[in-house]
Amino acid sequence: MRAIWEKSSIFAAEMARHTLWHDDYWLLLMQVYLRQPVGVKPLYSRALVDLGMELHIAPKILLQRMQQIAQLSTPRIERIWRQYSDSPQRLARAVRLLRSMNGFGAPDEFYEGVEVQETFEKDFRPVDGDGRFTPVMLIMVLDLYFQLTPSTMVAATPEVADLARLLHLHPSDVVEALDIFQLCDPYLGRMDISLSPLLVPCQQLWSQYAHDTEALAMLAGELKTYFTT
């Protein structure tokens with residue numbers, strides 16, 4: 001079941017990203033850790049994903065680092081914890097100072113001379129040609145696809161409306177994506193021609209996830225956190 005995760009750019013092991021880690025990042029990560037409720041955040045909590053996008057470090061790696069904070073696993077983390085855990089204002093000032101450093105938050109400058117190959121980032125950015133959807137949103141739609149029948153893939157279906165609400169879309173947008181997935185489904189045998197910019201990303205996601213709907217459902221359940229936090 002978990003084999004499908006290893007093929008996803010979201011779940012790919014980003015060991016190379018360790019080379020981009022800087023000790024100052026502990027402050028940024030600790031600020032996320034100390035947000036209510038205090039503790040290790042879910043893998044796809046929006047705060048963890050946003051920090052990963054900012055640092056070009058996969059959420060999976062940040063989660064591992066956050067678990068180190070929870071365990072106070074190194075003397076350095078212990079020192080930072082003693083210094084900042086009881087003073088969110090001091091931590092906030094330190095984070096603001098860090099972000100104000102020359103080049104921080106400006107990838108073209110900050111990573112000058114360093115090859116940055118984006119992987120998970122593109123999963124959280126709009127697909128080419130359609131600003132409504134990101135790949136992770138299409139994953140949510142694909143999961144819904146396997147819960148419905150073609151006749152229920154309509155805007156009036158409660159599950160369609162619920163997902164649209166979660167993704168901040170109109171139900172007709174979700175229906176459109178479901179229709180594209182129907183073109184990808186070999187069991188339906190539809191021969192329609194579509195020029196939709198959603199066709200290629202939907203085909204890619206179908207190839208990646210459709211053979212293991214149980215793992216897909218698990219992934220969609222984890223990704224739901226991103227849209228609810």
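Trainee: How many helices and strands does the chain have?
Mentor: This is a predicted model, and what follows should be read with that in mind. From the N terminus on, the elements run α-α-α-α-α-α-α-α-α-α-α-α, and the count for the chain is 12 helices and 0 strands.

Trainee: What percentage of the residues of the chain count as buried?
Mentor: A residue counts as buried when its relative accessible area is under 20%. Applied to the 229 residues of the chain, that cut-off gives a buried share of 50%.

Trainee: Is Met30 buried or exposed?
Mentor: Met30 belongs to helix α2, which covers residues 25–33. Leaving aside residues up to four places away in sequence, Met30 touches Ile69, Ile80, Trp81, Tyr84 and Leu91. Its relative accessible area is 1%, and because buried means under 20%, Met30 is buried.

Trainee: What distance separates the C-alpha atoms of Met30 and Arg65?
Mentor: Along the chain, Met30 and Arg65 are 35 residues apart. In the predicted model, the separation of their C-alpha atoms is 9.6 Å.

Trainee: Where is Thr134 found, and is Thr134 buried or exposed?
Mentor: Thr134 lies in the loop between α7 (107–110) and α8 (135–145). Its contacts, not counting residues up to four places away in sequence, are with Asp123, Phe124, Arg125, Pro126 and Val127.

Trainee: Why do the buried residues of α9 line one face of the helix?
Mentor: In α9, which spans residues 158–167, the buried residues are Val160, Leu163, Ala164, Leu166 and Leu167. Seen down the helix axis, these buried residues of α9 line one face because they fall within an arc of 160°. As background, an α-helix has 3.6 residues a turn, so residues three or four places apart point the same way. The value to keep for α9 is therefore the arc of 160°.

Trainee: Which exposed residues does the other face of α9 carry, turned away from its buried side?
Mentor: The buried residues of α9 pack against α8, α10 (171–184) and α12 (213–228). On the face turned away from that buried side, the exposed residues are Pro158 and Arg165.

Trainee: Which residue just after α9 takes a positive phi?
Mentor: Helix α9 covers residues 158–167, and the place to look is just after it. There, with a phi of about 60°, the residue is His168.

How values were computed
Residues numbered from 1 in each chain as written. Predicted model: local features only at pLDDT ≥ 70, side-chain atom pairs only at ≥ 80, totals over all residues. Heavy atoms only, no water. Helix = DSSP H or I, 4+ residues; strand = E, 2+ residues; numbered from the N terminus. Contact = heavy atoms within 4.5 Å. Buried < 20%, exposed > 50% of the residue type's maximum accessible area, 1.4 Å probe, protein only. Arc of directions from axis to C-beta.
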